[in-house]
Amino acid sequence: METRVEVEPTLIASRFLDDLSKTCKMGSPNGRSMNKSEDEVPFGPELNFQQSDSTLVDVHGSRSEELQTAHRQTLRGIIYRSIRVVVFSNKLNLLMFFGPLAILLQKLTGHHGWVFALSLLGIMPLAERLGYATEQLAFYTGDTVGGLLNATFGNATELIISIYALKSGMTRVVQLSLLGSILSNMLLVLGCAFLSGGIVFHKKEQVFNKSMATVNLGLLLMAVMGLLFPAVLHYTHTEVDLGKSELALSRFSSCIMLVAYAAYLFFQLKSQKNLYVSVNEQEGQDGNNANDDDSPDISKWESIIWLSVMTAWISILSEYLVNAIEGASTAWKIPVSFISVILLPLVGNAAEHASAIMFAMKDKLDISLGVAIGSSTQISMFVVPFCVVIGWITGHPMDLNFQLFETAALFLTVIVVAFMLQEGTANYFKGLMLVLCYLIVAASFYVHVDSYQ
């Protein structure tokens, strides 16, 4: 009688896949061995298959362990490379150690002057690295969205500082620091971008998309209108309800400004996005882009993770910074208005400053303009009214009356920048004029006594 060997199809498939069927290949439909006799199998068919099955498990187990080990090594390599690129590639990052030092000093001594100074120095490289991570993310989004991302995450520092100050009841510090951010972006950041780009490309005039700049300036003038009417209402004493009409008008205007900014984002990114294609992108579409060699240093998800880490660390240091402002003003004998309008924005705008200059030196002036003017627009049309609404919700009344001196400084700044941008070209002389205007503003706030704090 013939002996039949019953073999499961899955076992045969496994044996074929792992090349273990060379010793006992099953070829006939009824399961007979066509190449070797059963006597050649040392321990019989069933035992032989059991041995092969155990061998299969050992092979698969070793392969799985090897894959896991390789995956862990690859992940460690990515993390190491990312930390090396982001943290150890810039000498300014040495200032990061001042952040933990400020926290330690606050716990041990409580000296507000030193805590403020060290917190300020500790936030500066974080703000710059925040701009770097946003710049890397901009490689995957294009110039228009990239400029918007730079402005948004660049303003994260100001927004976090403002929320902590508002929670502490320091409404005037919120107003002055946000005003200082607008002035710094429009005069100092944009001026340095024009100046550095003009020096690098001194043989030609740099050009940018004038349509984008015009719309942003229109929004800035609308923001000036929103700040001007509460101040005029206050100084002319023409309120219907004294002390209430000014606050009610500010809250209503803030809601209108938020709606206008949301409509601007839709208009820029969806409805009329072709209108905002940068000059650099247009050249790339025509095949004339000279910056095709630029490539990101880190991946998109690495950029997002670093943005989250930097924002969280900035939020921790901002609390110590805000709590030390008044003590630093007393210790250093410097007006709080100067600290709020000049010193705080210099740190908060470190990201915009570095990004705008870097892009201008690469002849990507549309991104520089999107960072500087776009950031000012976002602060005036989103961050300021957002803080008013947050104060409304949390019971910390904040209005849009930035007082006459501050509102006049903002209005004149918008007018000066509007005249500088009306031709759609930039050079080092325009940049120098904007920087010198900022020095005049800084000197004015140094001698200005704010009686509303």
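Modeller: Relative accessible area under 20% is called buried, over 50% exposed, and anything in between partly exposed. The model is predicted. Tyrosine 446 has a relative accessible area of 45%, so this residue is partly exposed. The ring partner of tyrosine 446 is phenylalanine 338, and phenylalanine 338 counts as buried because its relative accessibility is 14%.

How are two such rings compared? A pair of aromatic rings is described by the distance of the centres and the angle of the planes. For phenylalanine 338 and tyrosine 446, the centres are 5.1 Å apart and the planes stand at 85°, so this is an edge-to-face pair. Phenylalanine 338 belongs to helix 13 (residues 336-348) and tyrosine 446 to helix 17 (residues 428-446), so the pair ties together parts that lie 108 residues apart in sequence.

The count of aromatic pairs comes to 7. One of them joins phenylalanine 194 and phenylalanine 208, with 6.3 Å from centre to centre and 20° between the planes, and this pair is stacked. Phenylalanine 194 sits in helix 7 (residues 171-200), while phenylalanine 208 is in the loop between strand 1 (206-207) and helix 8 (210-235); the two are 14 residues apart. Phenylalanine 194 and phenylalanine 208 are both buried. Elsewhere, ring pairs link Tyr261, Tyr264, Phe382 and Phe386 into a cluster.

Serine 380 lies in helix 15 (residues 365-394) and counts as buried because its relative accessibility is 3%. A polar atom of the serine 380 side chain is 2.9 Å from the backbone oxygen of serine 376. The side chain of serine 380 also reaches the backbone oxygen of threonine 377, at 3.1 Å. Leaving aside residues up to four places away in sequence, serine 380 touches Ile182, Leu220, Ala223, Met257 and Pro385.

Isoleucine 415 is found in helix 16 and, at 30% relative accessibility, counts as partly exposed.

Terms used
Residues numbered from 1 in each chain as written. Predicted model: local features only at pLDDT ≥ 70, side-chain atom pairs only at ≥ 80, totals over all residues. Heavy atoms only, no water. Helix = DSSP H or I, 4+ residues; strand = E, 2+ residues; numbered from the N terminus. Buried < 20%, exposed > 50% of the residue type's maximum accessible area, 1.4 Å probe, protein only. Polar contact = N/O pair within 3.5 Å; in protein donor to acceptor, adjacent residues only side chain to side chain. Contact = heavy atoms within 4.5 Å. Phe/Tyr/Trp six-rings, centres within 6.5 Å; stacked < 30°, edge-to-face > 60°.
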